[in-house]
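Dear colleague,

Please find below the structure that I am handing over to you, together with its sequence. My notes on what was found in it follow directly after.

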Amino acid sequence: MLLEVRDLHVEFHTRDGVAKAVNGVSYGVDAGETLAVLGESGSGKSVTAQAVMGILDIPPGRITGGEVVFQGRDLLRLKEDERRRVRGAGMAMIFQDALSSLNPVLSVGDQLGEMFTVHRGMSRKDARAKAVELMDRVRIPAARERVKQYPHQFSGGMRQRIMIAMALALEPALIIADEPTTALDVTVQAQVMELLAELQREYRMGLILITHDLGVVADVADRIAVMYAGRIVESAPVHDIYKAPAHPYTRGLLESIPRLDQKGQELYAIKGLPPNLMSIPPGCAFHPRCPLARDVCRTDEPPLYEVSPTRGSACHFWRECMDD
Amino acid sequence: MTEPILEVSGLVKHYPLTRGVVFRKQVGAVRAVDGVDFRLGRGETLGIVGESGCGKSTVAKMLVNLERPTAGSIRYKGEDITRLSGRALKAVRRNIQMVFQDPYTSLNPRMTVGDIIGEPYDIHPEVAPKGDRRRRVRELLDVVGLNPEYINRYPHQFSGGQRQRIGIARGLALRPEVIVADEPVSALDVSVQAQVINLMDRLQSEFELAYVFIAHDLSIVRHISDRVGVMYLGRIVETGTDTEIYEHPTHPYTQALLSAVPVPDPEAREHRERIILSGDVPSPTNIPSGCRFRTRCWKAQERCAREVPALAVPAWFEAAGGPAAHDSACHFAEEKHVVPAEGHRDGPRGHGDGPWGHGGGPG
């Protein structure tokens, strides 16, 4: 396993109380594999990724338990300077909003080149040549001319390509992409996802794709982990989960999206709202919104039951969820 | 179509680009909307889809008179509202209301929910006498699925989905006949989107509303719309019923757009033909000659640079009839099926009366 997150816990201490953002998350990614982490806002999907990457704001954040084992080492035990060497060279991250993640007063060539001058000790001239090469690789037309331009001179799709180029620069073993195409138009989204998938195959990288979009997941993922209120509620190979979801939350999400291939009647809607992380409901966190909830759900937190050797569901009644 | 309540023709909005401070002279224009025509029937939903910068939000703003068109007309029950002013304009505005995209910035944080929803009555006091307003606001809260007791709360005390309900209640306050909704669910989480869409569906039949529903999400637009218009760079390039557009698209842009939508079915990724467009949308300050889509079109020929294709039923389809015979602004319109069937979603799921039946309570 390239990366293994084990029983990770993250809290945020605020004036109003303690928000339990991540409550015992475990997942793993192999080289060449794509794991999609699916969840809505507040599910803990991005916080988990930030903890893995080592870019969590501490304080107010605090990692209260767990391990992040990457290439055999627990990253949470490393010193900050060792950690910095892993970032960039070992794993890299792509963010949703390329415009605010790029420095507006540096040319894209300087920003790409920085990866090589800082991490590899290259001269500025060599780093510039590397930047052009990377821009070619992510198929930015006229790379030699555009390397001198600034982020605002690029379109949204091109900026996201620059982010991808920057993540790829040191050929990391793992890429974490946090909603990489959410801000893009659908035709551009298709271009960027295809590019990312192709580069991943070429370099045999592990990819963690964080998203709320069940369509994007179906397009690219090998495995999927569904998060709700800071926990993984279902984990499965991608084909299984769409065929027969084993958790009422996953099922509710799938039922509630309108179809492109036919006009439906009224949509199924999950009732209520996601919980407040300062007061997560006891028992199963999803029980107030669940159509299958019974007494036991209000008191006993479900473990991740084994549905099959490759699948898990944190629902006491997963069989019922899959059956009817 | 039923009798049109709204008829838009030749609608244009250009924003001038100027140079110089003292002697300002116009050096060009952003052609945000560049000739749009459509009709909206009573109680009907027209969906408008397109990518960012295509002009769909500018159309919305002109419909509710937040922007004055550069040219063209918007007829409400036969009367051109772009020429109205003063009292006559105010009377028409009552009947065309708007729901905005972002429920966080479109509600005043310093006003209570009761004041927000009741504010339209300050401008149109003839709709509700002063003593009756609180009762009406409570009723509206109930109609959109919020507890009427919440009347004295402030927007920050509500979630995104609840705030969008407040925005909808405000839109309904004056009992309009037309609601223009600009991306009303795109800021919401997936599990909350369905609640708001169902609410809009229900309100439509309850109050006989006509919707202009503007969105970039093609699945949601199909779900809610009777007819759909696809916009590209300031123009509608194809329009028809939902079946005509989704099952029998004939314009290359519509085909590319539909083929790029990720569908929640992993089976689809193997047998699906994707049309990946090259390049980006051209700038609206510098629109290509002839067909504006030609710079990204795989079918473009010399004729496309010379002649602007009209939005009409292509002659070769008109003769044959059938669902391919709908308006499409392409010299070389051809039918192409691009939406994959989501087979695994057929069967009992989503159709039963069990726990997974339709509906689900409001939030």
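Leaving aside its neighbours within four places in sequence, A:Glu179 is in contact with A:Gln96, A:Ile210 and A:Thr211; two residues are in contact if their C-beta atoms, placed from the backbone, lie within 7 Å. The C-alpha atoms of A:Glu179 and A:Gln96 are separated by 5.0 Å, although the two residues stand 83 residues apart along the chain. A:Glu179 belongs to the loop between strand E7 (174-178) and helix H8 (186-203) of chain A. Helices (H or I, at least four residues) and strands (E, at least two) are DSSP runs, numbered from the N terminus. A:Glu179 counts as partly exposed because it has 18 C-beta neighbours inside 10 Å. In these terms a residue is buried if 20 or more other C-beta atoms lie within 10 Å of its own, exposed if 12 or fewer, and partly exposed in between, with C-beta atoms placed from the backbone.

Please keep in mind that this is a predicted model, in which local features need pLDDT of at least 70 and side-chain atom pairs count only at pLDDT 80 or more, while totals for chains, interfaces and linings use all residues. Residues are numbered from 1 along each chain as its sequence is written, and chains are lettered from A and ligands numbered from 1 in the order in which they are written.

Where are the cis peptide bonds described here? One joins A:Ile58 and A:Pro59, with omega about -20 degrees. Another joins A:Pro59 and A:Pro60, with omega about 5 degrees. A:Pro59 is in the loop between helix H1 (45-53) and strand E4 (61-70) of chain A, and A:Pro60 is likewise in the loop between H1 and E4.

Positive phi values are the next topic. A:Gln71 is not a glycine, yet its phi is positive, at about 50 degrees. Its place is in the loop between E4 and strand E5 (73-74) of chain A. For A:Ala229, a residue other than glycine, phi is also positive and near 50 degrees. A:Ala229 lies in the loop between strand E9 (223-228) and strand E10 (231-237) of chain A. Is each of these residues buried, partly exposed or exposed? A:Gln71 counts as partly exposed, because it has 14 C-beta neighbours inside 10 Å. A:Ala229, with 24 other C-beta atoms within 10 Å, is therefore buried.

I turn now to chain B. An automatic or database domain assignment supplies the domain bounds, and it divides chain B into domain 1 (4-15 + 33-225) and domain 2 (247-341). The centres of these two domains, taken over C-alpha atoms, are separated by 30 Å. Five residues of domain 1 are in contact with six residues of domain 2. On the domain 1 side of chain B, the touching residues divide into one nonpolar, two polar and two charged. Here Ala, Val, Leu, Ile, Met, Phe, Trp, Tyr, Cys and Pro count as nonpolar, Asp, Glu, Lys and Arg as charged, and the others, Gly among them, as polar.

Within chain B, the axes of helix H3 (residues 113-123) and helix H5 (residues 160-172) come within 7 Å and cross at roughly 30 degrees. Axes are lines fitted to C-alpha atoms, for helices over the stretch in contact, and angles run from 0 to 180 degrees between N-to-C directions. H3(B) is therefore roughly parallel to H5(B). Angles under 35 degrees count as roughly parallel, over 145 as roughly antiparallel, 65 to 115 as roughly perpendicular and the rest as oblique. B:Val113, B:Ile116, B:Ile117 and B:Pro120 in H3(B) meet B:Ile166, B:Ala169 and B:Arg170 in H5(B). This contact has six nonpolar residues, no polar ones and one charged.

Finally, how many residues of chain B are in contact with chain A? The number is 50, and they meet 47 residues of chain A. H6(B), which is helix H6 (190-207), gives the most to this side of chain B, with seven residues. By class, the side has 21 nonpolar, 17 polar and 12 charged residues.

The axes of helix H11 (residues 248-256) of chain A and H6(B) come within 9 Å and cross at roughly 45 degrees, and H11(A) is therefore oblique to H6(B). A:Gly252, A:Leu253 and A:Ser256 of H11(A) make the contact with B:Val190, B:Ser191 and B:Ala194 of H6(B).
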